Amino acid sequence: MTRPRDAAELLCSVLALPRYRRRWVRHVRRMAPSASVHHAAVAEVIVRHLVESGELDGNAPRPARTYKDLVGRALTGRTLSCATLQLFVDAFEIEDELADRLWGTLLGDRVSPG
């Protein structure tokens, strides 16, 4: 496996933990039986975080589809950049120990960026 795929697998595991799952599960409209993490619901958490942090205009139409695609690419490991991982860490307020594991998996070391 590649680092992004390994990090994506770990990220899915983290998002399935009750503490983080509670954040996205309330946005699920229809859950597929095989889906462990609902991409659209996770994208909604990210969009709400970006609006609350002022990075997105709360009055503008939400780019839900763009973020759903970004989440899908990240959680499958097709494309998981440092910026995208940081977005997940911030939006879900992932605790430091888990964030360090995610960064270490993605970057191949145990040091988070910045």
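What covers the buried residues of helix α6? The cover includes α1, α2 (18-25) and α5 (82-92). Before we walk through that, some ground rules. You're looking at a predicted model, where local features need pLDDT of at least 70, side-chain atom pairs count only at pLDDT 80 or more, and totals for chains, interfaces and linings use all residues. Residues are numbered from 1 along each chain as its sequence is written, and side-chain values use heavy atoms, with hydrogens and water left out.

Let's start with α6 itself, residues 96-107. Helices here are DSSP runs of H or I with at least four residues, numbered from the N terminus.

Which residues of α6 are buried? They are Leu98, Ala99, Leu102, Trp103, Gly104 and Leu106, where buried means under 20% relative accessible area with a 1.4 Å probe, protein chains only. Take leucine 106: its relative accessible area is 9%, so it counts as buried. Leaving out residues up to four places away in sequence, leucine 106 touches Arg3, Pro4, Ala7, Leu80, Ser81, Cys82 and Leu85; a contact means heavy atoms within 4.5 Å. Leucine 85 sits 21 residues from leucine 106 along the chain, and their C-alpha atoms are separated by 8.8 Å.

Now for the helix pairs. Two packed helices are described by the angle between their axes and the distance between the axes. The axes are lines fitted to C-alpha atoms over the stretch in contact, and angles run from 0 to 180 degrees between N-to-C directions.

Helix α1 (residues 3-16) packs against α4 (residues 64-76) at about 110°, with the axes 6 Å apart. The two are therefore roughly perpendicular, a label that applies from 65 to 115 degrees. On the α1 side, Arg5, Ala8, Leu11, Cys12 and Leu15 meet Ala74, Leu75 and Thr76 in α4. That contact has 6 nonpolar, 1 polar and 1 charged residues; Ala, Val, Leu, Ile, Met, Phe, Trp, Tyr, Cys and Pro count as nonpolar, Asp, Glu, Lys and Arg as charged, and the others, Gly among them, as polar.

With α2, α1 packs at about 80°, the axes 5 Å apart, which makes this pair roughly perpendicular. Here Val14, Leu15 and Ala16 in α1 meet Pro18, Tyr20, Arg21 and Trp24 in α2. By class, that contact has 6 nonpolar, no polar and 1 charged residues.

How values were computed: Parallel < 35°, antiparallel > 145°, perpendicular 65-115°, else oblique. Expected span 1.5 Å × (residues − 1). Buried < 20%, exposed > 50% of the residue type's maximum accessible area, 1.4 Å probe, protein only.
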